[in-house]
Amino acid sequence: VLGLMKQSTIRAAPRSVAHGDPRYHVGSRCGRSVSDTQDIMLDLETLKTRLKELDSQSDGISWPVAGVKLLREAGCWRNVVATEFGGSAATPQRQLETYQAVAWGSLSAALILTQNDAACELLGDCDNAELAQRLLPRCARGELLMTVGISQLTTSRRTVGPAMKAE
């Protein structure tokens with residue numbers, strides 16, 4: 001179980017702030033379901049600054065546990081998951097703003113988030129509704145981290161020449 005973020009990094013948005021304000025990211029409190037908690041707002045500036053601090057403490061080799069925990073606690077895992085599965089179904093604009101903030105703070109965290117989001121989108125669009133129902137709510141809560149596999153043909157053949165040619 002991942003721990004809770006320090007309370008000082010979480011702050012409620014002013015009542016006058018609409019959910020569409022790009023300075024805030026809507027997330028849910030860690031460890032509770034979306035239905036039994038109030039939404040919290042994590043300022044994207046705070047998210048990127050905190051990720052930058054964590055990234056600067058990293059050895060550059062180890063899995064960025066603290067950054068992944070921060071993404072979870074910020075509600076980032078919910079962005080691409082449909083509301084029927086407990087996600088926030090963020091707009092493309094909100095997703096872009098989140099990706100920009102995360103990438104500014106930590107490229108490793110951005111890669112992890114985008115890979116997870118791609119896998120969640122693929123699962124959400126697949127024909128296996130039972131699998132989506134079983135896994136996507138866990139993804140939205142940050143209990144499950146998914147990824148996609150990518151193969152680059154040229155990586156292993158750099159010294160031999162191109163792996164294929166278009167004709």
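Helices (H or I, at least four residues) and strands (E, at least two) are taken as DSSP runs and numbered from the N terminus. The model shown is predicted.

**Figure 1. Overview of the protein chain.** The protein chain holds five helices and two strands. In sequence order, the elements run β-β-α-α-α-α-α. The protein chain has 167 residues, of which 40% count as buried. The whole structure contains five salt bridges and zero disulfides.

**Figure 2. Ser88 and Ala89 in the loop between H2 and H3.** Ser88 sits in the loop that links H2 to H3. Ala89 belongs to the loop between H2 and H3 as well. Ser88 has a relative accessibility of 24%, so it counts as partly exposed. In sequence, Ser88 and Arg78 are ten residues apart. In space, their C-alpha atoms are 5.4 Å apart. Ala89 stands out by its backbone: phi is positive, about 45 degrees, although the residue is not a glycine. Most residues other than glycine have a negative phi. The relative accessibility of Ala89 is 41%, so Ala89 counts as partly exposed.

Figure 3. Helix H3 covers residues 92–105, 14 residues in total. From first C-alpha to last, H3 reaches 20 Å. That is close to the 20 Å expected at 1.5 Å a residue. The buried residues of H3 are Arg94, Gln95, Glu97, Thr98, Ala101, Val102 and Gly105. They lie on the same side of H3, because they cover an arc of only 165 degrees around the axis. An α-helix has 3.6 residues a turn, so residues three or four places apart point the same way.

Figure 4. Trp63 is placed in the loop between helix H1 (44–56) and helix H2 (65–74). Trp63 counts as exposed because its relative accessibility is 52%, and the cut-off for exposed is over 50%. Trp63 forms a nonpolar surface patch with Val65 and Leu145. Together the three have about 300 Å² of accessible area. Pro64 is also found in the loop between H1 and H2. Its relative accessible area is 21%, so Pro64 is partly exposed; buried would need under 20%. Pro64 and Ile112 are 48 residues apart in sequence. Their C-alpha atoms are 9.5 Å apart in space.

**Figure 5. Cysteines without a disulfide.** A search of the whole structure returns zero disulfides. Cys120 is therefore in no disulfide: its nearest cysteine sulfur, that of Cys139, is 3.9 Å away, and a disulfide needs the two sulfur atoms within 2.5 Å. Cys120 counts as buried, because its relative accessibility is 2%. Cys126 has a relative accessible area of 31%, so Cys126 is partly exposed.

Figure 6. The side chains of Arg134 and Glu130 form a salt bridge, with an N to O distance of 3.1 Å. Both residues belong to helix H5, which covers residues 129–140. They are four residues apart, about one turn of the helix. Arg134 is partly exposed, because its relative accessible area is 47%.

Figure 7. Arg138 and Glu143 meet through their side chains in a salt bridge of 3.9 Å, N to O. The cut-off for a salt bridge is within 4 Å, so this pair counts. A salt bridge also joins the side chains of Arg141 and Glu143, at 2.8 Å, N to O. The relative accessibility of Arg138 is 33%, so Arg138 counts as partly exposed. Arg141 is partly exposed too, because its relative accessible area is 32%. Glu143 has a relative accessibility of 43% and therefore counts as partly exposed.

How values were computed. Residues are numbered from 1 along each chain as its sequence is written. This is a predicted model: local features need pLDDT of at least 70, side-chain atom pairs count only at pLDDT 80 or more; totals for chains, interfaces and linings use all residues. Side-chain values use heavy atoms; hydrogens and water are left out. Patches are made of residues with over 30% relative accessible area and no salt bridge: like charges are joined within 9 Å, nonpolar side chains (Val, Leu, Ile, Met, Phe, Trp, Tyr) within 5 Å. Accessible areas come from the Shrake-Rupley method with a 1.4 Å probe; for residues, only the protein chains shown count as cover. Buried means under 20% relative accessible area, exposed over 50%, partly exposed in between (1.4 Å probe, protein chains only). The expected span of a helix is 1.5 Å times one less than its number of residues. The arc is that of the directions from the helix axis to the C-beta atoms.
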